[in-house]
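The tour below moves from stop to stop, with a selection at each one.

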Amino acid sequence: MDRNTSLIRDAELDRRAFLKTAAAVAGTVAVGGNASAASQADPALAKEVDAFLSAYVDRWLPLDTKATEAAWKAATDVTEAHTAAQVEAAQAVNEVAGAPQVVADVTRFLARRDKLSELQTRQLEKIRLRAAESPGTLPEVVKARTEAEARQSAAQDGFTFTVTKADGAVENPSANRIDQVLLNSKDLDERKRYWSASKEIGGPLREGVLRLRDLRNRVARELGFDDFFALQVADYGMTVPEMIALCEGMIAEVKPLYLQVHAWAKHNLAKRYGADVPDGAVPAHWLPNRWGQNWPGLVEGVDMDAPFKGRPREFIPEQAERFYTSMGFAKLPQSFWDKSDLYPADPASGRKKNSHASAWHMNYRDDVRSLMSIEADNQWFGTAHHELGHIYYYMSYSTPRVPILLRAGANRAFHEGVGDLIGLASGQRPYLKQVGLLTPEAEKAPAVKSLLDTALDGASVVFLPWSAGVMTHFERDFYGGAIADDALNAGWWAMVRKFQGIEPPDVRPETLCDAATKTHINDDPAQYYDYAIGTVLKFQLHDHIAREILKQDPRDCNYYGNKKVGDFLRGILELGATRDWNAVLREATGEGLTARPLVAYFEPLLKWLETENQGRATGWPETTEKS
């Protein structure tokens, strides 16, 4: 009881710090937001900058498009030849993006930013950050990084999982198969076998991720950044301490609720498996996700997969498209359906592909694609709605109004926030009922069960300690040199215990690297806070849409068929990165970044959980004797 009171008190202090940081961030003028530029404009300089930007895009865009195509082939058909082609194409892009003359020109122009327009300055900043990824003054290092990243992706995507079953039979399960076992099996021995198998990939990736850390840090430091993590954070116009404060505040906002969810889940899982309730942390193999980043399937009594049984898998992306078109968005181009890779690779073909869902903007214009492994179930239903959120974002800002270099989200988190927003909307009961995907049992289920399921599954309560906590803090320390090379697993599991209250089922050897089992550590590094910020944005946008546009309860609303919701979303998406993200958010919702709507969304659940958990201990010690 005393420990829980202390945790809640500390959470409140951290929450205040978060609100203070968020307010400070929201009050800043992003780089390039030079309101007085018009009165100080230098026409000759502006003309020179326009010519530079035009020439840069003419050189860079064709090479970047070719490189993206090569990366697509390498991800959808893992072969040595495709990996080699990816390396070659990426190197060609790097030579243009990081050319010494590009760096010199950009530096010279930005030194006179007060004479430039906001659009010019924003484009120059994008070029500067891209140059920092591949500085031409370190050609051998840039080349080595490109080759190492391609090899790492190939090793990751081509890995074969192996499980030795209780009867001695050997299985090579797909990632989807592992996920299904962890979702459904009640046999703790079986769960441990599949969970452990999912971590074996970390061994082959360990040396690669260490080499990548060093190479990434070298290129970042060449242009004055402390390390690679600081370079990625700079895209927000923030410092590393500011980003960490923002992330820790998000965790603090949800911590009182997370403690209750954690306690409820621990007791219900113990009952499910016929095991004793753990004293503190939850064993990792008890949870229905390989990393504990979401906990689907824990709310029993409502089978959310039932409406999809017997439906073709093609129904999933087609219904996701109908969701967007119902709000006034255009249909997806036929090229999306022709060129995307939406379903699992046929095992008989021998083809291996990346198993992580993603959306691709191939040419910053009209070629949009998605890589998924869709099955006809509820999880892929939400994922498909999310991924099409990225696709419609691409389509919305690919207009002459938005320069090529600014065809991106208002910040990186906006992309994730919009995808997650539609993922949240796709799980609302009125929508599911309207399109025939709500069973009578689900419709009659208490509303608090739906809230609990949302808190456990997807980007919300359970997700923030993982995204803003484990992933962000591990990568901050990894690139900052605070984690020793021979203690990667120790450092990783210390973070997992601290933020998530999860522990491994046995001692994790340092010959493995459990952090590297998460694809983002390898191929989308030092950016996972995007998902955390996107989670906060999601609830903020959803709250505004439900209350101000639909005039409905945020917990029970329906976007489907509402053109006003589509207009609101397009007003954000069509801007791309032409405006300060804080200004875009304030104009859209009336306030800066805040987790208030997220916390408010789950208020009824918190009250219910406090009743359910009466007499139960909450929380966990952050360290153990064996750690």
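Two strands count as paired here if DSSP finds at least two bridges between them. Note too that this is a predicted model.

**Stop 1: the hairpin**

Select strands E4 and E5. They run antiparallel and are joined by 4 bridges. E5 covers residues 368-371. Now look at the turn. The hairpin has 6 residues between its strands, and Tyr 364 there takes a positive phi near 60°.

Stay on E4 and show side chains. In a regular strand, side chains alternate between the two faces of the sheet. Which residues of E4 lie on each side? Ser 358 and Trp 360 are on one side, Ala 359 and His 361 on the other. All four are buried, so both faces of E4 are covered.

Next, pick Trp 360. Arg 369 lies over the face of Trp 72, at 5.4 Å from the ring centre. Arg 369 is also part of a network of salt bridges with shared partners, which joins it to Glu 69, Lys 339 and Asp 367.

**Stop 2: Asp 341**

Select Asp 341. It sits in the loop between helix H14 (334-339) and strand E4 (358-361). Is Asp 341 buried or exposed? Its relative accessible area is 11%, which is under 20%, so Asp 341 counts as buried.

Show what surrounds Asp 341. Leaving aside residues up to four places away in sequence, Asp 341 touches Trp 72, Thr 76, Arg 351, Lys 353, Ser 370, Leu 371 and Met 372. Zoom in on Arg 351. Its side chain makes a polar contact of 2.7 Å with the side chain of Asp 341.

**Stop 3: aromatic pairs**

Colour the aromatic residues. The whole structure holds 37 aromatic pairs. Two of these are worth a close view.

Select Tyr 324 and Tyr 392. How are these two rings arranged? Their centres are 4.5 Å apart and their planes meet at 15°, so the pair is stacked. Tyr 324 belongs to helix H13 (residues 315-326) and Tyr 392 to helix H15 (residues 378-397), so the pair ties together parts 68 residues apart in sequence. Tyr 324 is buried, with 3% relative accessible area. Tyr 392 is buried too, at 1%.

Move to Trp 466 and Trp 492. Here the ring centres are 5.8 Å apart and the planes stand at 85°, so this pair is edge-to-face. Trp 466 is in helix H20 (residues 463-480) and Trp 492 in helix H21 (residues 488-500), 26 residues apart. Trp 466 is buried at 0% relative accessible area. Trp 492 is buried at 3%.

Trp 466 and Trp 492 belong to one aromatic cluster, together with Phe 228, Phe 463, Phe 474, Phe 478, Tyr 479, Tyr 528 and Tyr 531.

For a charge over a ring, select Arg 311 and Phe 315. Arg 311 lies over the face of Phe 315, at 4.4 Å from the ring centre.

**Stop 4: salt bridges**

Switch to the charged side chains. Side chains of opposite charge can pair when their charged atoms come close. How many salt bridges does a search of the whole structure find? The count is 38.

- Select Lys 433 and Glu 443. Their side chains meet in a salt bridge at 2.7 Å, N to O. The pair links helix H17 (residues 429-434), which holds Lys 433, to helix H18 (residues 440-444), which holds Glu 443. Glu 443 is partly exposed, at 38% relative accessibility.
- Select Arg 508 and Asp 506. This salt bridge spans 3.5 Å, N to O. Arg 508 is buried at 11% relative accessible area, whereas Asp 506 is partly exposed at 26%.
- Select Arg 579 and Glu 587. Their closest N and O atoms are 2.6 Å apart. Arg 579 is partly exposed at 26% relative accessibility, whereas Glu 587 is exposed at 57%.

**Stop 5: His 415**

Finish at helix H16 (residues 412-425), where His 415 is placed. His 415 is buried, with a relative accessible area of 10%. Which residues does His 415 touch, not counting those up to four places away in sequence? Show His 390, Tyr 393, Tyr 394, Tyr 397, Ala 408 and Gly 409.

Conventions
Residues numbered from 1 in each chain as written. Predicted model: local features only at pLDDT ≥ 70, side-chain atom pairs only at ≥ 80, totals over all residues. Heavy atoms only, no water. Helix = DSSP H or I, 4+ residues; strand = E, 2+ residues; numbered from the N terminus. Buried < 20%, exposed > 50% of the residue type's maximum accessible area, 1.4 Å probe, protein only. Polar contact = N/O pair within 3.5 Å; in protein donor to acceptor, adjacent residues only side chain to side chain. Contact = heavy atoms within 4.5 Å. Phe/Tyr/Trp six-rings, centres within 6.5 Å; stacked < 30°, edge-to-face > 60°. Lys NZ or Arg CZ within 6 Å of the ring centre and 35° of its normal. Salt bridge = Lys/Arg side-chain N within 4 Å of Asp/Glu carboxyl O.
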